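Subject: Structure handover and findings

Hello,

Here is the structure I said I would pass on. Please open it first, then read the notes below alongside it.

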Amino acid sequence: MIKRYLLPATPYERALVHPRLNEAFKRRLREIYRTLDPVALLAQMRDAQNELGKRVDQRAEKPAMTVAPVQSDLAPFARERWLETG
C-alpha cells in the first residue's frame, strides 16, 4: 500500500480545483472570497460569542454576567496578517 498525501489546502482552494463543481459556482466562490475581511470576521465572531454567552445565562436563569467588553486594537493583528501574506 502506498499512501499519497496532498499538499495542504484550504476548503476554498480544494473547491476551486474540484472537477465536479461547475464554473458558475467557482466564480461565485471567488466573488465571496474577495469580499472577506479577516479583521471584520474576527469582530463578528467575538460579538457572536458574547451574544451566545448572554443567551446561555438567560436560559439557565442565572443573572447575566457583566463582563467588561474586551477592548483590543485590531490594527496590530491586521498588520501582522498583511506582512505574512503581502
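Is arginine 28 buried, partly exposed or exposed? It counts as partly exposed, because its relative accessibility is 47%. One caution before the rest: this is a predicted model.

**Overall layout**

The protein has four helices and zero strands. Read from the N terminus, the order of elements is α-α-α-α. There are 86 residues in the protein, and 7% of them count as buried.

**Helix α2**

Start with its dimensions. Helix α2 has 13 residues. From first C-alpha to last it reaches 19 Å, close to the 18 Å expected at 1.5 Å a residue.

Its N-terminal end is capped by asparagine 22. A side-chain oxygen of asparagine 22 lies 3.2 Å from the backbone nitrogen of alanine 24.

**Salt bridges**

Side chains of opposite charge can pair when their charged atoms come close. The count here comes to three salt bridges.

- Glutamate 31 and arginine 28 meet through their side chains, at 3.4 Å from N to O. The two are three residues apart in helix α2, so about one helical turn separates them. Glutamate 31 is partly exposed, because its relative accessible area is 36%.
- Glutamate 23 and arginine 30 form another salt bridge, at 4.0 Å from N to O. The cut-off is within 4 Å. Glutamate 23 has a relative accessible area of 44%, so it is partly exposed. Arginine 30 is partly exposed too, with 29%.
- Arginine 55 pairs with glutamate 51, and their closest N and O atoms are 3.0 Å apart. Both residues lie in helix α3, four residues apart, which is about one turn of the helix. Arginine 55 counts as exposed, because its relative accessibility is 53% and the exposed class begins over 50%. Glutamate 51 stands at 36%, so it counts as partly exposed.

On the helix spacing, one general point applies. An α-helix has 3.6 residues a turn, so residues three or four places apart point the same way.

**The aromatic pair**

The structure holds one aromatic pair. Tyrosine 12 and tyrosine 33 form it, and the pair is stacked. The ring centres are 4.0 Å apart, with 5 degrees between the planes.

What does this pair tie together? Tyrosine 12 lies in helix α1 (residues 11–17), and tyrosine 33 lies in helix α2 (residues 23–35). The pair therefore ties together parts that are 21 residues apart in sequence.

**The nonpolar patch**

Together with Ile32, Leu36 and Leu41, Tyr33 makes a nonpolar surface patch of about 360 Å².

Where does leucine 36 lie? It is in the loop between α2 and α3, the latter covering residues 38–59. Leucine 36 has a relative accessible area of 44%, so it is partly exposed.

**A contact across the sequence**

Alanine 40 is placed in helix α3. Its relative accessible area is 32%, so alanine 40 is partly exposed.

How far apart are alanine 40 and leucine 74 in space, C-alpha to C-alpha? The distance is 9.3 Å. In sequence, alanine 40 and leucine 74 are 34 residues apart.

**Where to look**

1. The stacked pair of tyrosine 12 and tyrosine 33.
2. The patch made by Ile32, Tyr33, Leu36 and Leu41.
3. The salt bridge of arginine 55 with glutamate 51 in helix α3.

Best regards

How values were computed
Residues numbered from 1 in each chain as written. Predicted model: local features only at pLDDT ≥ 70, side-chain atom pairs only at ≥ 80, totals over all residues. Heavy atoms only, no water. Phe/Tyr/Trp six-rings, centres within 6.5 Å; stacked < 30°, edge-to-face > 60°. Patch = residues over 30% accessible without salt bridge, like charges linked within 9 Å, V, L, I, M, F, W, Y side chains within 5 Å. Areas by Shrake-Rupley, 256 points an atom, 1.4 Å probe, with all protein chains shown as cover. Buried < 20%, exposed > 50% of the residue type's maximum accessible area, 1.4 Å probe, protein only. Expected span 1.5 Å × (residues − 1). Polar contact = N/O pair within 3.5 Å; in protein donor to acceptor, adjacent residues only side chain to side chain.
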